[in-house]
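This report describes selected backbone and packing features of one protein model. Please consult the sequence and the coordinates shown below.

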Amino acid sequence: MSDKTLCINVARLQSRLQCLGEVGALDGGGVSRLALTDADKKGRDLVVSWMQDLGLDISIDAIGNVIATLKGEQELPCIMMGSHIDTVSTGGLFDGNLGVLAGLEVIETLIDNNITPTTPVSVGFFTNEEGSRFAPDMMGSAVLSQVLSLQTALQTQGIDGAKVEDELKRIGYNGSAEFTNIKQDVACFIELHVEQGPVLDEQQIDIGVVEGVQGISWQEFHLTGISNHAGTTPMQYRQDAGLVASKVSVFVNELASLMAPNQLATVGALTLKPNLINVIPNEALFTVDLRNPNESELQKAELALQEFIHEQAKQHGLKVEQKILARFQPVHFNPKLVDRIETLAKQNTFSTKRLFSGAGHDAQMFAPHCPTAMIFVPSYKGISHNINEYTHPDQVTNGANLLLQTVVDFIS
Ligand SMILES: [Zn+2]
């Protein structure tokens, strides 16, 4: 089987994206379907009804992950597609939803063309990818990946005080299906997603061939000096925590330039005390977000930051306290699968660019256990987690057709 002319039904996919976007729709556009809320239940019910219409085998596990499977000729490990359908409270119609509905569209296209795949083909949506209501994010896929225990996930309390376990029961998604064993049951995992950044849109590129997810290092620093009169304390006698915090802001920006283009660095939160116009700050509390697709480079950046802060603190007579808030190593997708996706994209005369994902995705939970890759399509102006998130129908079509061809290539 090498049907290169096989194409998804664009109108059907677009209509499903719109239909799902009406569940939890916000005035003025966009959608709010926080994980395990009534709106999430309605969205889940709708997608499950589409899965049922296609006669797929549907399994729901104890963390509420839903996986629908088209049987193959043989009971081999499946090729799985998927993403999430929960959103942030001011979300768009594409983030996550595209990967799920395009996966469903791929399966329906196979059915329409009377193709029985050699291996089973599955599409899943995973609980609480966004993490806006319950932390951590990527909760459903993290449980599948055994990075997070089911018990810990179920006991998680949300920002509104609700517990995951109770909410799963309440909306009827505390399933009893066995957890998918990624290593044994999944031959490969592919997630189509909108880029959520500006690169593809700005450079007018059709397809992002995703090589992995960059590593993240989140740290918090607390500097303590001495507050004093801004008018009477000569500059050389100051122990100014605010000054050093500002120097750190500039330093990490320069560090990113030195380590360009891969290193990103941001001081995102900064609080000074007492925060008054005529008082030298005695306290500065700030965060540093460092990201890099290369682990040793990320460590190099962490070390440079560490040395700079301690040297500055010593010079200005400050005390430093340091806390690690989060640390994830970079994830590298399967090189063969990444190459294959790139080749297939080029055969379609799509323009392509290799890149690393700046955001976390369910796919990174699959990557340690089975060959995994992602396909990105452009986000208009890079806008995401925003009601104005938009991907043009032609770009949706390109991504979904490439997903289809990758699956067909795999099952042929
Ligand atoms: Zn997403």
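Met138 is found in the loop between β4 and α4, where strands (E, at least two residues) and helices (H or I, at least four residues) are DSSP runs numbered from the N terminus. The model is predicted: local features need pLDDT of at least 70, side-chain atom pairs count only at pLDDT 80 or more, and totals for chains, interfaces and linings use all residues. Residues are numbered from 1 along each chain as its sequence is written.

Phi of Met138 is near 50 degrees, a positive value in a residue other than glycine. Met138 is buried, with 24 other C-beta atoms within 10 Å. A residue is termed buried if 20 or more other C-beta atoms lie within 10 Å of its own, exposed if 12 or fewer, and partly exposed in between, with C-beta atoms placed from the backbone. The loop between β4 (121-125) and α4 (139-144) also holds Pro136, which a cis peptide bond joins to Ala135.

Most residues other than glycine have a negative phi, and most peptide bonds are trans.

| Cis peptide bond | Omega |
|---|---|
| Ala135 and Pro136 | about 5 degrees |
| Lys273 and Pro274 | about 0 degrees |

Pro274 is placed in the loop between β9 (270-273) and β10 (283-292).

A positive phi of about 50 degrees also occurs at His385, which is not a glycine. His385 lies in the loop between β14 and α13 and counts as partly exposed, with 17 C-beta neighbours inside 10 Å. The loop between β14 (372-377) and α13 contains Asn386 as well. Asn386 is partly exposed, with 18 other C-beta atoms within 10 Å. Leaving aside residues up to four places away in sequence, Asn386 touches Thr90 and Gly92; contact requires C-beta atoms, placed from the backbone, within 7 Å. Asn386 and Asp95 are 291 residues apart in sequence, yet their C-alpha atoms are 9.8 Å apart in space.

Helix α13 (residues 393-411) is mostly covered, since 14 of its 19 residues are buried.

In helix α6 (residues 164-171), the buried residues are Val164, Glu167 and Leu168. They cover an arc of only 100 degrees around the axis, which puts them on the same side of α6; the arc is that of the directions from the helix axis to the C-beta atoms. These buried residues pack against α5 (150-154). Just after α6, Gly172 takes a positive phi of about 80 degrees.

Conventions: Contact = placed C-beta atoms within 7 Å.
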